Amino acid sequence: MPFGNTHNKLKMSYSSEQEYPDLSKHNNHMAKVLTPEMYANLREKETPSGFTLDDLIQTGVDNPGHPFIMTVGCVAGDEETYEVFKELLDPVIEDRHGGYKPSDKHKTDLNPENLQGGDDLDPNYVLSSRVRTGRSIRGFCLPPHCSRGERRAIENLSIESLDVLDGDLKGKYYALKNMTDDEQQQLIDDHFLFDKPVSPLLLASGMARDWPDGRGIWHNDNKTFLVWVNEEDHLRVISMQKGGNMKEVFNRFCTGLTTIENLFKERGHEFMWNEHLGYVLTCPSNLGTGLRAGVHVKLPNLSKQDKFGDILKRLRLQKRGTGGVDTAAVGGVFDISNADRLGFSEVELVQMVVDGVNLLVDMEKRLEAGESIDDLMPEQK
Amino acid sequence: MPFGNTHNNFKLNYKVEEEFPDLSKHNNHMAKVLTKDIYAKLRDKQTPSGYTLDDVIQTGVDNPGHPFIMTVGCVAGDEESYEVFKDLLDPIISDRHGGYKPTDKHKTDLNFENLKGGDDLDPNYVLSSRVRTGRSIKGLTLPPHNSRGERRLIEKLSVEALTSLDGEFKGKYYPLKSMTDAEQEQLISDHFLFDKPVSPLLTCAGMARDWPDGRGIWHNDNKTFLVWVNEEDHLRVISMQQGGNMREVFKRFCTGLLKIEEIFKKHNHGFMWNEHLGYILTCPSNLGTGLRGGVHVKLPKLSTHAKFEEILTRLRLQKRGTGGVDTASVGGVFDISNADRLGSSEVEQVQLVVDGVKLMVEMEKKLEKGEAIDSMIPAQK
């Protein structure tokens, strides 16, 4: 896609005002932050791999946003993006991640033993439990920017490492471009298959180029551990199962992730990580842990309460429909997950989900019994 | 090369085999022509503005095509693309434009007086007549590649030129981004408004970036002459009216076009043109005249005749539905236009339409009377 530095230099023959995007109808984090002065300061810069300011912001220029949903409006093309374009990204990160400062440190904790409880969320209410995150392989460009050669190298490295996994994690890789109809149907039935992105947020950033080349899905034989290769991030790692045993899901998640990380290291490749931003991913919204831990839970009574939104906020949780982001709830069943990504560790975030969902289920039971829930209202976490 | 192209050079770290796209499921002109050898030869090249081979082919990689429709699968980013990437584009041009050779010369003829007849296509059958073409402003990069600064300059130059027109060409410019609802409604009713591209053929080529910045529609007060600014090409020029007086449509087309060209030249901006490729446009399919002259014509009987396709082929015409390319015909009304663009002049192409449509209307009348049309089937033009 678009702008190698030759073209970036050609653009310098136009003044900053002439090149500055029209953001008058825009409502996303990038548009809130990018002033003409900032544009002037950053427009001649590029990362070592040639990612430029216009590459960064294209998705936010092309997608003005929604009056009620605040999209990020910018993506990284490589690890260095977050450094070279700090002037823009630090305020975006701060705005998106609850005031996170450039001097703040992020804590990583993937020790599942540190999670308290979580093995007994009531399965009459909690239908399924899931934890996902993303990982980027250091030294490679990210999906908005990577070439076919890089993407295929990422795929090869991933397959090599994943093939070594054994025990509960033993599994198989399904390349999108070679999938048989049967395999495809099975993966759809298992709710594992990811589609070519259709969201203009993703398309405008160049993440769908060369589809389906280099993309694929790996999952273990038990169908409880799943890795997406080269979708929105180099790797998306997912642990999931029916019922309410979030502890087991998180256990497998941490074990699997750590094992994979070691396998990559053995092959001379680390994940992108630093002590300020934690795990570095394509979208600034996924920095830190990149973790979304959630459940599908039946809350037909609670969800109708006026205070439902407020309760979730205090618990630092968010709701989605059971089709994922931007879908509606069906039959009173909601996807409830952590709202935060950066500034809290993995254990802390999953703890919030475990404790929060336990409380929500208690509230639901109260309401079923016709009782008040006022005494159960939590403090702001 | 005056400047390095950082990301393209970065990709050279990967071997040709690693970067060469997987075209095994593809059916477009680019995929038919691009071998590993050509890829190897061209991949380290760039035009002066920094357009690279991967930029040229991205749309064709992302859109494998349709088993029955042969798309082009590549686009130019600037005038020099056709020179720097000759090894790829010459064979594509030859394949697409009926064997047109690298040594062939293209004739431009915008003298409407050279058209014979065309003022009396039977309006009981021919509902409307239209001629369109595209023009690119020399020295500026094309829609897949241009920056906001360049696009706005193109808009500015176009508006200056168009607003100086008078007489039957006196009109007004409507920028897409400041259009009122009322203006939008009117332009839709007039069938003038163009939408943000949704076709992945266009979006994958980068032509929709920054929409609707720098885009707009100009039309004369009589609503018979229309210019689209910064859609698929810098300019798309359209002359149209109800009924069958193609001669009048073509006269207005030529007069208007030449006036516009004069004004651009006075400001030191010519149109991109050379004696081999004629007018240079974004898509190689539109080289030469870039002209599509057509009518909406009622052919309910002829269109169901076994030899309809054959007749069209022999007349060097093509059919489309009345919604334009890739739509179905409604009520037996077809959009019939010239199939050729390169290697014949504007006058020659419109002549083919005039003569061909006349013949088809006569065939339709014969079939209405239950008579045979075998004796009327033309030789291959």
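Predicted model: local features only at pLDDT ≥ 70, side-chain atom pairs only at ≥ 80, totals over all residues.
## Surface and charge of chain B

Residues are numbered from 1 along each chain as its sequence is written, chains are lettered from A in the order in which they are written, and side-chain values use heavy atoms, without hydrogens and water.

Chain B carries 50 positive and 55 negative charges, and their mean positions are 1 Å apart. Lys and Arg count as positive and Asp and Glu as negative, with His and the chain ends not counted; each charge is placed at NZ of Lys, CZ of Arg, CG of Asp or CD of Glu.

## Overall fold of chain B

Chain B contains 13 helices and 10 strands. These are DSSP runs numbered from the N terminus: helices are H or I with at least four residues, and strands are E with at least two.

Along its principal axes, the C-alpha trace of chain B spans about 70 × 45 × 40 Å. The radius of gyration of chain B is 21 Å, which agrees with the value near 21 Å for a compact globule with 381 residues; the radius is taken over C-alpha atoms, and the globule rule is 2.2 Å times the number of residues to the power 0.38.

Of the 381 residues in chain B, 58% are buried (under 20% relative accessible area; exposed is over 50% and partly exposed in between, with a 1.4 Å probe and protein chains only). Contact means heavy atoms within 4.5 Å. Among contacts in chain B between residues at least 6 apart in sequence, 73% join residues at least 24 apart.

## Domains

Domain bounds come from an automatic or database domain assignment. For chain B the assignment gives domain 1 (9–97) and domain 2 (112–369). Their contact takes 22 residues from domain 1 of chain B and 24 residues from domain 2 of chain B. The C-alpha centres of these two domains of chain B lie 27 Å apart.

## The surroundings of B:His234

B:His234 lies in the loop between strand 4 (225–229) and strand 5 (235–242) of chain B. B:His234 is buried, with a relative accessible area of 0%. Beyond its neighbours within four places in sequence, B:His234 contacts residues including B:Arg135, B:Trp228 and B:Met272.
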